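Have a look at the structure first, then read on.

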Amino acid sequence: MTRSVILGTLLTCCVALTLSGQDLLRLKNGSAVPGKVLEPSRGKLTEYRFRTEDGIEFRIPASQVESLERGGSDSPEYQEQLAQAEDTVEGQLRIADWCEKHDLQGRAKVHWKRVVELDPDNEKARRKLGYRRTVDGVWRTTEEEMAEQGKVQYRGKWVTAQEKAYYEKKTQTASEVKRLTLAINKWRQDLGGKRNAEALANLEALTDPNAVPGLVEALKKDSRPQARKLYVKALGRIGTIDAFVVLRTMAVNDRDEEMRLTCLDILKVHPDKSLTDYFVSRLSPKTSTNVQVNYAALALGELGDRTAVPALIEALTTLHKYKTGSGSAGQTSASFGGSSAGSGGGGFSFGSSEKIISRPHDNEAVLEALKKLTGVNFLYNKQAWRQWLSQNRATQDAP
C-alpha cells in the first residue's frame, strides 16, 4: 500500500465533523453527536455537558462515552502532523501521542489501532486501547473479558444480565412509586372539593403495589376518618406484604377504633401465620403499651388461630412501667381492662419530682380471646390455664 493511499484511508477514518470547530461525542452504542462540549474533557469526569447543533443541552454519563473528538481535529495543525506521519510503528506512536496532548482522543485512537495492526504485540498501544494481557498471554479488552463471563455494562459497572434486569426494574419501580405518590397526594387534596368524584374514583380503583408508599404518606397527612378509610381499603385491595404490614401495624397502633377494626376486617379475609406471629409479638410490654397489648389480643381472637393460645395465657397479666411525678408525660396509667394490683409497685427515682413505677394489669381482651379460641374460662389464673393447655396441647397446636 502506498503512503498516499494510507494517508487517504486515515483521513477518511478521521474526518467526522461536518462543521469546523465542532466537537464530536462518540457513544458506546455506536451513535455520534456533533456539537460543543461545555466542560473540559481532561481529567477523570463522571459526566459530560454537551450542546447539540440545535442548541439543546444535555448531560451524559462518562461511562456511556466511547470518545470525544474536539473540533480542532480538522485543523491545519493536525493535517500537518498527519502529512508528516510515517506509516510505521514509530510514526503512528508519535502522532497518537501528539493527538492525546492536544485532546484529540478519537484521532489518537485511530492511530493506536494502526500501531496494533503493524505490531499486534505493542504493549503501549494495546493498553491505550483498553487491552490487558491475560495469564495465557492473550491481549483482551475489558469488554471482551466481561462478555466471556456473561456480563454487561450498567451505569458504569459490569453486572450479569440478571442483575441488569433487576436494577432496571428497580429504577422503573422507583419512578412509578414517585409518580403514584404525587398522584395520590393530588387526589387527597381534591377529596371534598370540586374534583371530589374524580379523586374518589381514582382512589377506589387503586390496585398497583407501587401505590403503597403514597398511601402510607396520605395516612400520615390526612386526619379525616372517611378519607383514611379509603386509603386503608386501597391497601387491602393491593394485598402485598408491604400493604399488610401497614394494616397490621395500624390494627394495634392507630388511635381510631373504627380504623383499627377496618384494618382487622381486611386482614381476617387473608389469614396468614405471619399475622399471628406479629400480633403475638405485640402482646409483650416490651413492644406495646397496655392498651396495645389488648388490641393485639383482640386481633388474635378475630383471626381464630389457636396456636396463639400459649402466648395469650402468658399475657393475661402484664407488667408495664410508667413515669409519675410533676411534669411527667410518660405512658398513661389508664388500662384497657382492670388492674389486679391498684397503683402499687416500686420503681426508680429521678430526683424529687419524677420516678418510674411498674404496674401489673389484668388484660380483659386477652381473656376474651382465650375464651373465644378455647371455649373454656379460668379467668386470670395462669396456672389453671397452663394445666389445661398441657392436657389439651394437641388440639391447641392446630390452627
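Which residue forms a salt bridge with K229, and how many Å apart are the closest N and O atoms? The partner is E258, and the closest N and O atoms are 2.4 Å apart. This is a predicted model, in which local features need pLDDT of at least 70, side-chain atom pairs count only at pLDDT 80 or more, and totals for chains, interfaces and linings use all residues. Residues are numbered from 1 along each chain as its sequence is written, and side-chain values use heavy atoms, with hydrogens and water left out.

**Salt bridges**

- A salt bridge here is a side-chain nitrogen of Lys or Arg within 4 Å of a carboxyl oxygen of Asp or Glu.
- Searching the whole structure by that rule gives 21 salt bridges.
- In the salt bridge between K229 and E258, K229 sits in helix α10 and E258 in helix α12, so the pair links distant parts of the chain, 29 residues apart; helices are DSSP runs of H or I with at least four residues, numbered from the N terminus.
- K229 is buried at 15% relative accessible area, while E258 is partly exposed at 43%; buried means under 20% relative accessible area, exposed over 50%, and partly exposed in between (1.4 Å probe, protein chains only).
- K124 pairs with D97 in another salt bridge, with 3.0 Å between the closest N and O atoms.
- Because K124 lies in helix α5 (residues 123-128) and D97 in helix α3 (residues 89-101), this pair ties together parts that are 27 residues apart in sequence.
- Both partners are partly exposed: K124 has a relative accessible area of 40% and D97 has 23%.
- D136 and R140 also meet through their side chains, at 3.8 Å from N to O.
- A network of salt bridges links D265, K268, E302 and K372.

**Helix α11**

- Helix α11 spans residues 241-253, 13 residues in total.
- From first C-alpha to last, α11 reaches 18 Å, close to the expected 18 Å, which is 1.5 Å times one less than the number of residues.
- Its buried residues are A243, F244, V246, L247, R248, M250, A251 and V252.

**Cysteines**

- Taking a disulfide as a pair of cysteine sulfur atoms within 2.5 Å, the count is 0 disulfides.
- C99 is buried, with a relative accessible area of 0%.
- C263 is buried too, with a relative accessible area of 0%.

Terms used. Helix = DSSP H or I, 4+ residues; strand = E, 2+ residues; numbered from the N terminus.
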